[in-house]
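Hello,

I am handing over the structure we spoke about. Please open it first, then read my notes below.

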Amino acid sequence: ASALLGLGRIDESVELCQELLERDSRFVEARLIMGRAYEKGGKIDKAIEAYRLGLEVLPESLSLLEPLGNLYMRKTDVAGVIEIFERWHAKLRKEQRRNLYVMVVLARFYEFGRQIDEAAAMYREAIRVYPSRPDLYASLAELLLNDGKRRDAIEVCESGLIRSPGNEKIM
């Protein structure tokens with residue numbers, strides 16, 4: 001199926017994936033190839049459906065969550081991004097792992113969705129895990145300032161400047 005997709009034979013690739021999935025619905029690679037094939041063919045909604053069906057069978061599959069979350073980002077579907085990235089983050093957290101990309105995307109989409117408390121909490125968690133990243137302090141401070149929490153924003157900047165003295169992003 002992957003070779004067919006590489007040759008641009010999208011429909012044949014999808015058909016082969018469907019056959020493989022009829023034999024074994026838990027075949028993650030077939031789900032991924034099918035999603036990529038639909039995506040390559042410009043059928044974003046079908047790609048989303050393929051990944052979602054895979055998640056019904058394998059609800060904690062990081063390999064399915066990532067492309068699905070990225071498709072929701074392309075569509076600027078705030079609710080979709082938040083749902084998928086929350087699942088992705090929860091899975092990583094359960095495994096005692098963190099991913100800066102996942103945390104920042106989730107924080108930004110919380111912002112877009114006007115879920116300010118959730119965005120602030122995610123930035124704070126990211127700062128705990130990645131304390132030497134001045135961009136995290138700056139993003140949290142800006143969020144708090146825009147939310148009318150000037151004193152909190154100043155405290156975040158001060159904390160960031162302790163870690164990165166003189167950093168212009170934080171100042």
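Which residues does valine 81 touch, not counting residues up to four places away in sequence? They are Gly69, Tyr72, Met73, Glu86, Val105 and Phe109. Contact here means heavy atoms within 4.5 Å.

Before the rest, some ground rules. This is a predicted model, where local features need pLDDT of at least 70 and side-chain atom pairs count only at pLDDT 80 or more, while totals for chains, interfaces and linings use all residues. Residues are numbered from 1 along each chain as its sequence is written, and side-chain values use heavy atoms, with hydrogens and water left out. Helices (H or I, at least four residues) and strands (E, at least two) are DSSP runs, numbered from the N terminus.

Back to valine 81. This residue sits in helix H6. Its relative accessible area is 0%, so valine 81 is buried. Buried means under 20% relative accessible area, exposed means over 50%, and partly exposed is in between (1.4 Å probe, protein chains only). Serine 132 is 51 residues away from valine 81 in sequence, and the two are 26 Å apart in space, C-alpha to C-alpha.

The core

The largest nonpolar core has 54 residues. A nonpolar core is a set of buried Ala, Val, Leu, Ile, Met, Phe, Trp, Tyr and Cys residues joined through side-chain atoms within 4.5 Å. Met34, Tyr51, Leu68, Phe85, Leu140 and Leu143 have the most contacts inside it. H7 gives the largest share of this core, nine residues. In soluble globular proteins, nonpolar side chains tend to be buried together.

Take leucine 68 from that list. Leaving aside neighbours within four places in sequence, leucine 68 is in contact with Ile48, Tyr51, Arg52, Leu55 and Ile84.

Leu55 also turns up beside serine 61. Not counting residues up to four places away in sequence, serine 61 touches Val28 and Leu55. Serine 61 lies in the loop between helix H4 (44-57) and helix H5 (62-74). Its relative accessibility is 11%, so serine 61 counts as buried.

H7 against H8

Helix H7 covers residues 100-112, and helix H8 covers residues 116-129. Their axes come within 8 Å and cross at roughly 160°. Axes are lines fitted to C-alpha atoms, for helices over the stretch in contact, and angles run from 0 to 180 degrees between N-to-C directions. H7 and H8 are therefore roughly antiparallel to each other. Angles over 145 degrees count that way; under 35 is roughly parallel, 65 to 115 roughly perpendicular, and the rest oblique.

H7 supplies Leu100, Met103, Leu106, Ala107, Arg108, Tyr110 and Glu111 to the contact. H8 supplies Glu118, Ala119, Met122, Tyr123, Glu125, Ala126 and Val129. By class, that is 10 nonpolar, no polar and four charged residues. Ala, Val, Leu, Ile, Met, Phe, Trp, Tyr, Cys and Pro count as nonpolar, Asp, Glu, Lys and Arg as charged, and the others, Gly among them, as polar.

Look at glutamate 125 in H8. With a relative accessible area of 7%, glutamate 125 is buried. Its contacts, leaving aside neighbours within four places in sequence, are His89, Arg93, Arg98 and Met103.

Valine 104 lies in H7. This residue is buried too, at 16% relative accessible area. Valine 104 and alanine 119 are 15 residues apart in sequence and 8.9 Å apart in space, C-alpha to C-alpha.

H9 against H10

Helix H9 (residues 134-146) and helix H10 (residues 150-163) pack at an angle of about 170°, with their axes 8 Å apart. That makes H9 roughly antiparallel to H10. On the H9 side, the contact is made by Tyr137, Leu140, Ala141, Leu144 and Leu145. On the H10 side are Arg150, Asp152, Ala153, Val156, Cys157, Ser159, Gly160 and Arg163. The classes are eight nonpolar, two polar and three charged residues.

Two loop residues

Glutamine 96 has a positive phi of about 60°, although it is not a glycine. Glutamine 96 is in the loop between helix H6 (78-94) and H7. At 72% relative accessible area, glutamine 96 is exposed.

Arginine 114 also has a positive phi of about 60° without being a glycine. Arginine 114 is found in the loop between H7 and H8. At 59%, arginine 114 is exposed.

Best wishes
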